[in-house]
Amino acid sequence: IEEYTKPYTSTKDGEELHSRGTFSIRFGKSKQYKLTCSVDAPLESYTLTDPKLIGKINKVRRDTLNKLIQNNATARQVFESLKKITIDTERALAYTKHQYQYQELFKIIPELKENPDRFRAFLREIFYASNREDRKSVMTRYNASPDLSEHAKHYAGIYAEYDTRMASVFLLNEIQKGNHDLIWMTEDKRSKRLFHPLTSTPKDIRKHFLKLDNEPLIEYDAGSCQWKLFIKLCNILWVSPVKGGSIPWVGMDLSDYLSSDLKENLLEKKADNNMLHNLKTELARLNAYLDTGLLYDTVTDITISQGRQCDRAKAKKWLISNVLFGNPNEDGHLNFSSVRIFHDLFPHLFNVMKKLKQFYINEEALGYKPFDRFDRPLKWKAFPVLLQRMESEIFIKGIEHLNTPAITIHDAVLTNKSGEIQLLKALEKRIKESQAKIKLNRTDYAS
């Protein structure tokens, strides 16, 4: 194994630009690694057996984890809590096998059952196929009826759900046996979110089969958190008076993440009074729509009236992926029904969101270059990361001094009955400091 980087040279506006590829200037090392084996080696089934190599990989992983838990109090608390997670393995395995029955796929393409390599190759191809015709072509290559392509895709999706759950169950079972070396954790350098085994464990496994320190899990999550933080950001930037050069908000200075044009605009108070009135009205209405669930119900009802299938879960997903986190520079962005509906309901807020994504965010402060290799602007990607960074100030920083079981999952925290009161007090205190109108939802997994 060796460090890997791919430097390249490009030209922009007649100037030759040199990139060190995946090399990290900040950390002074390559961010990627590669195996030094034959190009023809079957990497899908490649097994590392050299004890020295395995030891080197594990040492890097342990060193990275140790550095994180030494420097991040919440990460340290999460790590100690993960050691206390237990799982009812037999019930979890039985549930997964019963709930996610993918074997119908072998009736459609019998050869896959006896050939694991062929099976994995088929899964890759069917998932990467972008449309119905491409999926039919995949079926033809595997000597199966093209007319069954959508059925095959459906059962391949069920297998993916099955495989994810089985992997989580086996990992958590090893952890509960005391194999704590298998506990991994990383911090996203942009958003400051923590990732660990439970962030990748499906919710149905967490809900039904896990305990924390021999007690059922209790979850506190922030309903519509990213939307609420968007409302708070708009209130800070346009509604509240901006004084001086900084824009403090709990543990961060928002001015660090804004473009110079917007900062000058805010300080000189160039906002139009009519625009402010409309913005305040729509912010209040959006907050009410979120609290009552009317936003999701409206998108669901309108989408169904247009002859498309939709439910509340899909509406919530589309509003996040297409509207709040969507790319306004993309051709056809307004063709998404969720985008059009939001635009019609909140035209001034939609315009503000678009300007934030196109002009007002300092993407470099959030770890992005101004343009990708195809000269497409990346500022829009930094906008959702800023909201996630604000989220982390509440759910990561807000509980860093706790001495109670707590496991963060982005805009939610898991605890148990013993730690519930301390956790709730800490979160409510931080939310009050933030002045974001975030409401916590409690879920007792024992009920």
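**Figure 1. An aromatic cluster in the predicted model.** In this predicted model, one aromatic cluster is formed by Trp227, Phe230, Tyr289, Phe342, Phe346 and Phe383. The structure holds 15 aromatic pairs.

**Figure 2. Tyr102 and its ring partners in helix 7.** Tyr102 and Tyr159 form an edge-to-face aromatic pair, with 4.8 Å from centre to centre and 80° between the planes. Tyr102 lies in the loop between helix 3 (89-99) and helix 4 (104-108), and Tyr159 lies in helix 7, so this pair ties together parts of the chain that are 57 residues apart in sequence. Tyr102 is buried, at a relative accessible area of 12%, and Tyr159 also counts as buried, at 16% relative accessibility. The ring of Tyr102 pairs with that of Tyr162 as well: the centres are 5.0 Å apart and the planes stand at 50°, so the pair is tilted. This pair links distant parts of the chain, with Tyr102 in the loop between helix 3 and helix 4 and Tyr162 in helix 7, 60 residues apart. Tyr162 counts as buried, with a relative accessibility of 14%.

Figure 3. The strands are arranged in the order 7-10-11, and their pairing is antiparallel. Strand 7 (85-87) and strand 11 (215-216) are at the edges; each has a single partner strand, so one side of each is left without a neighbour in the sheet. Strand 7 and strand 10 (residues 210-212) run antiparallel and are joined by three bridges. Within this pairing, Thr86 has Lys211 of strand 10 as its bridge partner. Helix 7 (residues 149-176) packs on the sheet and touches both strand 7 and strand 10. The direction of helix 7 makes about 125° with that of strand 7.

**Figure 4. Strand 16 and its partner strands.** Strand 16 (residues 412-415) is joined to strand 12 (residues 218-222) by four bridges, and the two run antiparallel. The bridge partner of Tyr220 in strand 16 is Val413. Strand 15 (residues 407-408) also runs antiparallel to strand 16, through two bridges. Here Ile407 has Leu414 as its bridge partner in strand 16. The hairpin of strand 15 and strand 16 has three residues between the strands, and His410 takes a positive phi near 65° in this hairpin. From strand 16, Ala412 and Leu414 point one way, while Val413 and Thr415 point the other way; all are buried.

Figure 5. Helix 13 spans residues 312-324, and its buried residues are Ala315, Trp318, Leu319, Asn322, Val323 and Leu324. Among the elements that cover these buried residues are helix 9 (225-239), helix 12 (294-305), helix 14 (337-345), helix 15 (347-360) and helix 16 (379-395).

**Figure 6. The whole chain, for orientation.** The chain contains 17 helices and 17 strands. Of its 447 residues, 43% are buried. Among contacts between residues at least 6 apart in sequence, 66% join residues at least 24 apart. The accessible surface of the chain comes to about 24,600 Å², and carbon and sulfur atoms account for 49% of this surface.

Terms used:
Residues are numbered from 1 along each chain as its sequence is written. This is a predicted model: local features need pLDDT of at least 70, side-chain atom pairs count only at pLDDT 80 or more; totals for chains, interfaces and linings use all residues. Side-chain values use heavy atoms; hydrogens and water are left out. Two strands pair if DSSP finds at least two bridges between them. Contact means heavy atoms within 4.5 Å. Axes are lines fitted to C-alpha atoms, for helices over the stretch in contact, and angles run from 0 to 180 degrees between N-to-C directions. Buried means under 20% relative accessible area, exposed over 50%, partly exposed in between (1.4 Å probe, protein chains only). Accessible areas come from the Shrake-Rupley method with a 1.4 Å probe; for residues, only the protein chains shown count as cover. Rings of Phe, Tyr and Trp (its six-membered ring) pair if their centres lie within 6.5 Å; planes under 30 degrees apart count as stacked, over 60 as edge-to-face and the rest as tilted.
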